[in-house]
Amino acid sequence: MSSNRTRLEDLAEIAGVSIATVSRALNNSSAVNDETKRRVWKIAREQNYSFRPSMPALISGATATIALIIPTSPGRPTQALTPFFQELVGGISDAARSADCDVLISHLAPKSPDDLAHVMSTNRADGVFFLGQSLFHERFNKLAETETRFVVWGGQLQGQKYCSVGSDNVKGGMRATSHLLNLGRRRIAFIGDIRVPEVLQRYEGYVEAHARAGEEVDPTLIVAARFEIESAEAAMNALLSDGRNFDGVFGSSDLVALGAIRSLSQAGRQVPTDVSVVGYDNIGLAAYSLPSLTTISQDLGKAGRVIVSKLLAASDGVPMQSERLPTELIVRESCGLA
C-alpha cells in the first residue's frame, strides 16, 4: 500500500485490533500495552503509514536516514568514545553524505533483547547500524528473527543469523603475529579481552601464526585487557612484575598496544630494541606515537560504504549478507623499521 492510501482502518485490519487501539498506539498512549504498540508500529512502517516515531524522520533534503546505536554492557565503557569507533563513524558519515543520507547517532543504549526490539520497532530510520557486537551476539540473533534492516559491526560467528560487517580478524591477527615471528621474536605476548568476539578471532590468528611457524604458544603470555590505554598498562605491568620473559607484543587494538608501549617505557624496556610491538586498527594516533606504531589497518572508508549500501538495500527488501573486509600490515618504528 502507498502512504496516501493507507488508512487507520487498514492498519487495524492487519493488526487485528480496533481502529481506536491503532490510533492510541500510534500516539504512544499508555492505554495500549507495549507489545501491541510495537506490533502496530511495525505494521505502520511496513505499510509506509506516516506516524510520529521516537526517532525523527528524514531531515530536509535527505533521501534516507541511517541510525547509529551503541549497545552497552554493565561495567564496560561506551565504545563510541574510542578513537577507532570515532573514525568508523566518520567513514559511515562520508559514505552517507555521498548517498544523500542523514546519519542519526542515537542516545539510546539498549541493554537487553527487549530493548533491541523496542529500538527497532519505534524508529522510522531506513536502516540501523549497531556499533559493536560485544556480548550481544545471541540478542542480535533473536532480533534477526523479526527484523532485517540492521547491520552490526563485528565478526562472523558460528550460527550467526544477522548481517555483520568487519575486518577479517583471524587473518589480521595472523598477519600481525607472523610479522613479529619473521623478525625473530619468539616469546610474543597477546594482550586483549578474548570474551569480545573480534578479539577472540585476532587471538585465533595469533595461535595459527605460531602453529604455522612451528612455535608453541605460552599461555602465561596471554593477558586480558579492555580497549583502554590504562587497562593495557595494568596488563603489561602484571607481565613485567611477574618477571615473564617476552620479546614481542601483539596488542588487540592500537590503544592496547600504545598502553603496552607506555608501560614498557616506564619500566626501562626499549621498543623496539628489547620488545617489538604490533597493534590493530591503524587509528590516527598510531602514526604519531613515539615510536610510531606498527599495526593492522582496516579500511574504514570502504567499511562505511559497505555498511551504508547494505542498509539502503535492506530498506528496499534486498537480503543482506555479512562481509569481511581485507586487512593490511602497516610497518612502522615499533618493530624496528621506520
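Biologist: Is the crossing of α4 and α11 left-handed or right-handed?

Modeller: This is a predicted model, in which local features need pLDDT of at least 70 and side-chain atom pairs count only at pLDDT 80 or more, while totals for chains, interfaces and linings use all residues. Residues are numbered from 1 along each chain as its sequence is written, and side-chain values use heavy atoms, with hydrogens and water left out. A crossing is left-handed if the near helix is turned anticlockwise from the far one by less than a right angle, and right-handed if clockwise. For α4 and α11, the crossing is right-handed.

Biologist: At what angle do helix α4 and helix α11 pack?

Modeller: Helices (H or I, at least four residues) and strands (E, at least two) are DSSP runs, numbered from the N terminus. Angles run from 0 to 180 degrees between N-to-C directions, and axes are lines fitted to C-alpha atoms, for helices over the stretch in contact. Angles under 35 degrees count as roughly parallel, over 145 as roughly antiparallel, 65 to 115 as roughly perpendicular and the rest as oblique; α4 and α11 are therefore oblique to each other. The axes of α4 (residues 83-98) and α11 (residues 300-315) are 7 Å apart, and the angle is about 55°.

Biologist: Which residues in α11 do F84, E87, L88, G91, I92, A95 and A96 in α4 meet?

Modeller: Contact means heavy atoms within 4.5 Å. On that basis, the residues of α11 that these seven positions of α4 meet are L300, A303, G304, R305, I307 and V308.

Biologist: Is S297 buried or exposed?

Modeller: S297 lies in strand β10 (residues 294-298). Leaving aside neighbours within four places in sequence, S297 is in contact with D281, N282, P326, T327, E328 and I330. Buried means under 20% relative accessible area, exposed over 50%, and partly exposed in between (1.4 Å probe, protein chains only). At a relative accessible area of 13%, S297 is buried.

Biologist: With which residue does R187 form a salt bridge?

Modeller: A salt bridge is a side-chain nitrogen of Lys or Arg within 4 Å of a carboxyl oxygen of Asp or Glu. R187 is partly exposed, at 28% relative accessibility. In its salt bridge the closest N and O atoms are 2.8 Å apart, and the partner is D218.

Biologist: How many residues apart in sequence are the parts that R187 and D218 tie together?

Modeller: R187 lies in the loop between α7 (169-182) and β6 (188-191). D218 lies in the loop between α8 (197-212) and β7 (222-223), so the parts tied together are apart in sequence by 31 residues.
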